[in-house]
Amino acid sequence: MTHLHSGERPATPGVLIGGGIALSLAIMGSIVAARYAHDSGFAAHAWIFAAGFLAGLVWLVRRYANGIPADDLTPYADGVVRAGVIASVFWGIAGFLVGLIIALQLSFPNFLYFPDLPFTNFGRLRPLHTSAVIFAFGGNVLIATSFYVVQRTSKARLFGGILPWFVFGGYQLFIVIAATGYLMGITQSKEYAEPEWYADLWLTIVWVCYLLVFVGTLWKRKEPHIYVANWFYLAFIVTIAMLHIVNNLAVPVSFLGSKSVQLFGGVQDALTQWWYGHNAVGFFLTAGFLAIMYYFIPKRAERPVYSYRLSIVHFWSLIFIYIWAGPHHLHYTALPEWAQTLGMTFSVMLWMPSWGGMINGLMTLSGAWDKLRTDPVLRMLVVSVAFYGMSTFEGPVMSVKAVNALSHYTDWTIGHVHSGALGWVGYVSFGALYCLVPWLWGRKQLYSLKLVEWHFWISTVGILFYITSMWISGIMQGLMWRAYNDFGFLSYSFVETVEAMHPYYIIRALGGALFLIGALIMAYNLWRTARGDVKSEAGAGSAGLAPAAAE
């Protein structure tokens, strides 16, 4: 279908001229910055910016040189969503692979480590892994699904013409800048906020454009009601912008150098960092993916949301309470006692709205529970909600100071993070990708539901290996750290605790390997689906049919 909704205007040649001039100036500015850079890292990044802008210029010319492309004349802008799906799968596998490598390095310190190649060091690969899985994989999933959902629930094409493509391309450029920076040792050493000042500025520009696209689409919607998923997406976009700007306030040592000095220091910097760090979890890894839950589970189950009133209560209580929970990362530090208690109190309060959302997601299957037997995609989506419920119970428990005294700085925290990251964020993302590919590529069903079954069970076993090994390792670690003998001396040295954890680190690496294998199976399945292939499977039924294909 190649028609526009009434009132829509296709892209004009002005897009090609204006965009071409802007990108040409950006290329020249990047080359000048590379030429006069004060350090090699900044020069390398300037050249990467130049290459990114050049790639954008080539893409723009190829897209519009022969007139308006067909994708600009369709009711919905699905080309950018398809690109987001492909990027999500690519970055996901890259991030999981780096995670497996560093898990093996913790088990076997010389694994893929070369003293003369500092970028193979665990200290540089670890932030590469966290940023790849959170911001590259998770961020692309959120951008792609938000662009898809806001169009369908608003009955309006994405706002801004070519602006959504700028958001997508600009975000990929940020990912490359951040990742190469970690490998070169360019970092401001803040958890989840390692990229230096110029990368942060670029991301701010991209993110403001993302907000414009999303709000603009809602503004011109044909549907009077704003569906609840869009409320969660909007909260995620707005809050992440606020968190990013405040936490990354810094003064560059030089505008042609990679280093900067943080605006805050000491306890103020720590509190600002974990206000940011925990709410990156709360709004990037929770609110955004709850939006996915609220659209894709009802769509896949072909059932309405269990309680729309509960979803609104869930939304407002979650976003109000979450923003105060960050200080629980700083128990028993120089942070004032009242601030620590505030963070703990609001963390415990979070349990109720979180479980309200979990109940809403699970009860949406009322009358459709039988579909879990035949549709592994729906099963993956539902299990993700179960992991969400488990993680949002464990988190408040760990924020209680008496529990935190044992758990803090141990592998228990790592197990908790990955139960949410792999089980909740990973599974709800995989479920959304399994839904989107047939819908976007116009296929009646997935290539193979049995491959989805294999993905589900292999990765589930992997997650269980991962989190149980880290729970055992972490609790053992905490108990060994606080064990004293009759003379009041520590019973164990630090090295003895590391030695005791070694078997569990191997089990953790095995779990990560299984999770990566599952993702590779998914990538193959989605590739064959996009090609239009269908594997003949007995008893596959119609669970892979695309309910949104006619939208």
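Student: Which residues make the nonpolar surface patch of about 590 Å²?

Tutor: The patch is made by Phe 108, Phe 111, Leu 112, Phe 114, Leu 117, Phe 119 and Ile 506. A patch here consists of residues with over 30% relative accessible area and no salt bridge, with nonpolar side chains (Val, Leu, Ile, Met, Phe, Trp, Tyr) joined within 5 Å and like charges joined within 9 Å. A salt bridge is a side-chain nitrogen of Lys or Arg within 4 Å of a carboxyl oxygen of Asp or Glu. The areas come from the Shrake-Rupley method with a 1.4 Å probe, and for residues only the protein chains shown count as cover. The model is predicted, so that local features need pLDDT of at least 70 and side-chain atom pairs count only at pLDDT 80 or more, while totals for chains, interfaces and linings use all residues. Residues are numbered from 1 along each chain as its sequence is written, and side-chain values use heavy atoms, with hydrogens and water left out.

Leu 112 sits in the loop between α3 (79–107) and α4 (122–154); helices are DSSP runs of H or I with at least four residues, numbered from the N terminus. Its relative accessibility is 41%, so Leu 112 counts as partly exposed; buried means under 20% relative accessible area, exposed over 50%, and partly exposed in between, with a 1.4 Å probe and protein chains only. Although Leu 112 is not a glycine, its phi is positive, at about 50°. Lys 155, in the loop between α4 and α5 (163–184), is another non-glycine residue with a positive phi, near 55°. Lys 155 has 42% relative accessibility and therefore counts as partly exposed.

Buried residues come next. In helix α13 (residues 376–399) lies Thr 392, which is buried because its relative accessible area is 12%. A polar atom of the Thr 392 side chain lies 2.7 Å from the backbone oxygen of Tyr 388. This is a polar contact: a pair of N or O atoms within 3.5 Å, where within protein one must be able to donate a hydrogen and the other to accept it, and residues adjacent in sequence count only if both atoms are side-chain atoms. Apart from neighbours within four places in sequence, Thr 392 is in contact (heavy atoms within 4.5 Å) with Trp 351, Ser 354 and Trp 355. Helix α13 also holds Ser 384, which is buried because its relative accessible area is 0%. With residues up to four places away in sequence set aside, Ser 384 touches Gly 423, Trp 424, Tyr 427 and Val 428.

Asp 533 belongs to the segment after α17 (494–531). The relative accessibility of Asp 533 is 18%, so the residue counts as buried. Its side chain forms polar contacts of 2.6 Å with that of Arg 528 and of 3.3 Å with that of Arg 531. Asp 533 and Leu 446 are 87 residues apart along the chain, yet their C-alpha atoms are separated by 8.3 Å.

Finally, helix α16 (residues 449–481) has 33 residues and spans 47 Å from first C-alpha to last, close to the 48 Å expected at 1.5 Å a residue; the expected span is 1.5 Å times one less than the number of residues. At the start of α16, a side-chain oxygen of Ser 448 comes within 3.3 Å of the backbone nitrogen of Lys 450.

Conventions: Helices (H or I, at least four residues) and strands (E, at least two) are DSSP runs, numbered from the N terminus.
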